[in-house]
Amino acid sequence: MTDYKYIGKRSVRIDGLAKVTCTAQYTDDLEFGPNLLHIAVLSSPYAHARILSIDTSEAESIPGVKAVISGRDFSQKFGLYLKDHSIFPADRVRYVGEQVAAVVATSEKIAKTAIKKIKVDYEPLQNVQCALDAIKKDAILIHPDLGNYEVVPWLYPQAGTNIGHIRKIRKGNIEKAFAEADYILEDQYHVPHVVHAPLENHIAVALYDYEGRLTMWNSTQSPHTQRNILASCLKIPHKNVRIIAPYVGGGFGGKAGISMEVIAAVAALKVQGHYVKLRWNRKEEFENSSQRQELFAKIKMGVKKDGTIVALRHKLFWDVGSSAEYGSNVVNATGFSAIGPYNIPNVHIDSYAIYTNRPPCGAYRGFGYSEFHFGLESHIDRIAKKLNIDAVEFRKKNAIKRGDKVAYGVEMGPTGLMECIEKVAKKIEWGKETKSDDPDKIRAKGFSIVWKAPAMPPNESSAAFLKFSEDGSINILVSGMELGQGYLTSMAKIAAEELSIPLEKIRVEHPDTDRNPYEWQTVASHTTWSSGNAVRKAAIEAKNRIFDTVSRALHYPKEALYLEDEKVKCKEDSKFELPLRDFVINGIQMKDGTFRGGPIMGTGIFMPEFSSAKVNPETGQGGYPNVHYTTGAGAVEIEIDKKTGRIKVLKMAEAFDGGKILNPELAEGQIIGGFMQGLGTALWEEVKFDENGKILNPNFTDYKIPTALETPDEMYPIFVEVPQPDGPYGARGIGEHTMIPVMPAVGNAIANGLGIRLKEVPFTPEKILDALEEKGK
Amino acid sequence: MKREITFTLNDDIVSVYVESDEKLLDVLRYKLGIKSPKQGCGRGECGSCSVLLNGKSVRSCIIYAVEIDGQKIETLEGIQKNGITKLQRSFVEHNAFQCGFCASGVTITMTEFLRKNPYPKIAEIKEALSGNLCRCTGYKSIVDAIADATKEGE
Ligand code: FES
Ligand code: FES
């Protein structure tokens, strides 16, 4: 094993002090002066209605109102993968909370007063609140023009239906396999909409200046992607769109791509020369940012008596809400991967993106994998039980191994899945029963395994600049976002390792698309791998320049030079050492008084050139849609109060194969944080809608997220390191994966403890009590 | 209706004109340049806007600014004005926060709590923290940092 000085070593995060002292500035902490204008948005009260007319005259006449905008001014369509979302709808609204018009005014108060004076005449249309209704033949069409929308070549919207995309996978001979199976289990599972609930709501500030430049300060995971979407949608040259991304107060996928920022951008166009600010309140965050898709999953699995899985038919009906601009790729990604981390020879998957009159859905930590793992991993436990095989043994028997073919025919890469399973089973003391002293309280354990690949376009890419200063410190310019996951620290560690510079002498700069080089987005748990590769290449390039300078000036052979403790040293001359600070800017002086060298810099780019989304649309075969999979396992021990139906998690363990863990402490933080976020979705979280599509719980009183009181007393994060050959030091991502095992592990624990199988999350006390009553009958 | 209020803000006497319906959080952030309290919910549910009012933690998003006329407000800026505290140092050492948005509110709540209960048990820390929402960390790192900073005999 290579001995690293920084990689894999414990350290405090480089942004820790900034955050603890509130030196870290979030978008709303920036000052824009007393001339700042404020935006308020009028949102749709209807889930589905035609807009007959909009009268803004009274709002415009209010003193302090600078502009009123609506679909009459800006109805351009935008979207990351499928352009089905309008900046403002021109003709119809598609969900409660959709932006219909906006007011720009000298104060937030005036803007809010003015939106009440906008008169909109609607003709309500029938609305669809369930994906299973939306795919019925006679369902009202939510996007009658679906066939005309621009879309990436690897998504297939079905014109004349409410289906935004279908991903199909066909492998082996499914009918024959079912015919030959000894046991078949078929059932359905349901995961409702949930929200990301970052503590910081969406916020955007924009300026359209007299040079024709649009500058924005956004709380975002995707500065370059936002620039690209805005430039192409508003027909402004890319060089004249600048996105500055300050610290982000939580993202979880909700700040990936673009949403309300489009409103601030077009508002700025209307009031040239003024800064404008739009900030969502918590209700608007629930109604009009993005949510996690609802999933109705139908699973049919066939096994042999000995416990070999031979066939899987997995149908995924995803409610993507009123826009599939981003969510269509969740549907796509899960379609490719809905076999889970198993080796299954015969597979049939259909993954549907279905429009409904609900808020747009998109990326959410786990990108659809949490949702389908819930059904799949519940199903696995049920089959194991039926065959009388231990749930962990059954998983081990079928777990995918390196070289097995995944559902789309590509070979599985290196994986430490088996080791993850074993370590979690050991930590949770699988098989050992524990009992509560209270006869009303039942203790039980549940297990789950997971995999997830980054879901990305095949040409996603990352870039990095690295530059030295006189004292030998460095600034790294990248465009990944620090969302809390520790991105800045990871990038700093990579540069520290390559250049022998301590972490204290490294700054990693937040994105500014004018200055920092390209990054696709901070999503998909891919930045450690992708941006990390770019930073490493930049550091290596800088190192080469250092050696080149020293070699030219002092005539040491380049190959003999190396870096240690901020100095250049030479294998052939143990007395030689030259501190970096002596020359990285000013060069090395020669005997004749001239200098060699100059400012040391490095650039690095990374693109996975082996990836391809070109597959047969009928079978999903023929491409290389996923760059790699991270695998893992999770388990819980819970205590269920049979009287109240309440569940308490006593102990959890999760293990992931991160290839190489760059920051052990921060990676542990991902496991703990991801587990608790997953626990929220397992036990409490669900966005509730009335029959007209209005959200009934858009606040933290009615939509509970976990508090400190719900944390288990025992939590065990575990890492396995089977290197990713193309990852920096072997690293691959783990950030999202930590959430995925939780829903099925808790569900399986409930089944093990009470003998009841809940096929729908969250597992509320009411559901537990109802199921117990049903069982008692 | 605008009126002038005067109060002690982190040991300084400040006067500011406020509207009768203006919230303390907005006055602090947008009129007085105090950016540590953050708006997470605006309804008193998340704790990220917490400040100390006469030494007691309150949610500045639901308090009218006019109510604090003549009172004493302390924010994170005041707490750390002579350098970061032992608690804050422990937060740094334990990598207590991820996105950091909840940090100020947590620090305020815990500062008040530790003044009353300097050597708390883990369960007491969790209880005291339960009004502050954090979506990122799962709380363990925060609890560990507080426990470490309050070890008996230190
Ligand atoms: S913003 Fe005040 S409690 Fe949430
Ligand atoms: S660290 Fe992000 S909300 Fe607490």
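User: How many residue pairs are in polar contact between chain B and chain A?

Analyst: A polar contact is read as a pair of N or O atoms within 3.5 Å. In this predicted model, 30 residue pairs are in polar contact between chain B and chain A, counting pairs with both residues at pLDDT 80 or more. Among the helices of chain B, α1, α3 (86–93), α4 (103–116) and α5 (122–129) each supply at least two residues of the side that touches chain A. The most comes from α3(B), with four residues.

User: Which area do chain B and chain A bury between them, and how many residues are in contact?

Analyst: About 3,800 Å² is buried between chain B and chain A, and 56% of it lies on carbon and sulfur atoms. The contact involves 42 residues of chain B and 52 residues of chain A.

User: Where is B:Lys35 found, and what is B:Lys35 in contact with?

Analyst: B:Lys35 is found in the loop between α1 (24–31) and β3 (50–53) of chain B. Apart from its neighbours within four places in sequence, B:Lys35 is in contact with A:Asp28, A:Asp29, A:Leu30, A:Glu31, B:Arg29 and B:Glu77. A polar contact of 2.8 Å joins its side chain to that of A:Glu31.

User: Is B:Lys35 buried or exposed?

Analyst: The term "buried" applies under 20% relative accessible area. B:Lys35 has a relative accessible area of 13%, and therefore counts as buried.

User: How many salt bridges are there between chain B and chain A, and how many over all chains?

Analyst: A salt bridge pairs a side-chain nitrogen of Lys or Arg with a carboxyl oxygen of Asp or Glu within 4 Å. There are seven salt bridges between chain B and chain A, and the count over all chains comes to 69. One case is that of A:Asp29 and B:Lys38, whose side chains meet at 2.7 Å, N to O. This pair joins two chains, because A:Asp29 lies in the loop between α1 (16–20) and β1 (37–43) of chain A, whereas B:Lys38 lies in the loop between α1 and β3 of chain B. Both A:Asp29 and B:Lys38 are buried. A further salt bridge links B:Arg29 with A:Asp29, and their closest N and O atoms are 2.7 Å apart.

User: Which parts of chain A does the salt bridge of A:Lys168 and A:Glu618 tie together?

Analyst: The side chains of A:Lys168 and A:Glu618 meet in a salt bridge of 3.0 Å, N to O. A:Lys168 lies in strand β9 (residues 163–171) and A:Glu618 in the loop between β27 (601–606) and β28 (630–641), so the pair ties together parts of chain A that are 450 residues apart in sequence. A:Glu618 is partly exposed, at a relative accessible area of 46%.

User: Which residues do salt bridges that share partners join into one network?

Analyst: The network holds A:Asp28, A:Asp29, A:Glu108, A:Lys112, A:Lys277, A:Arg279, B:Arg29 and B:Lys38.

User: How is a pair of aromatic rings described?

Analyst: Two values are given: the distance of the centres and the angle of the planes. Over all chains the count is 22 aromatic pairs. The pair of A:Phe374 and A:Phe763 is tilted, with 6.0 Å centre to centre and 55° between the planes. It links distant parts of the chain, 389 residues apart: A:Phe374 is in helix α10 (residues 369–387) of chain A, and A:Phe763 is in the loop between α16 (742–754) and α17 (765–776) of chain A. A:Phe374 is buried at 0% relative accessibility, and A:Phe763 is buried at 1%.

User: What is the angle between the planes of A:Trp430 and A:Phe447?

Analyst: The angle is 65°, with 5.5 Å centre to centre, and the pair is edge-to-face. A:Trp430 lies in the loop between α12 (417–427) and β18 (441–452) of chain A and A:Phe447 in strand β18, so the pair ties together parts that are 17 residues apart in sequence. A:Trp430 is partly exposed, with a relative accessible area of 22%, whereas A:Phe447 is buried at 0%.

Methods:
Residues numbered from 1 in each chain as written. Chains lettered and ligands numbered in written order. Predicted model: local features only at pLDDT ≥ 70, side-chain atom pairs only at ≥ 80, totals over all residues. Heavy atoms only, no water. Buried < 20%, exposed > 50% of the residue type's maximum accessible area, 1.4 Å probe, protein only. Polar contact = N/O pair within 3.5 Å; in protein donor to acceptor, adjacent residues only side chain to side chain. Contact = heavy atoms within 4.5 Å. Phe/Tyr/Trp six-rings, centres within 6.5 Å; stacked < 30°, edge-to-face > 60°. Buried area = accessible area lost by both parts, 1.4 Å probe.
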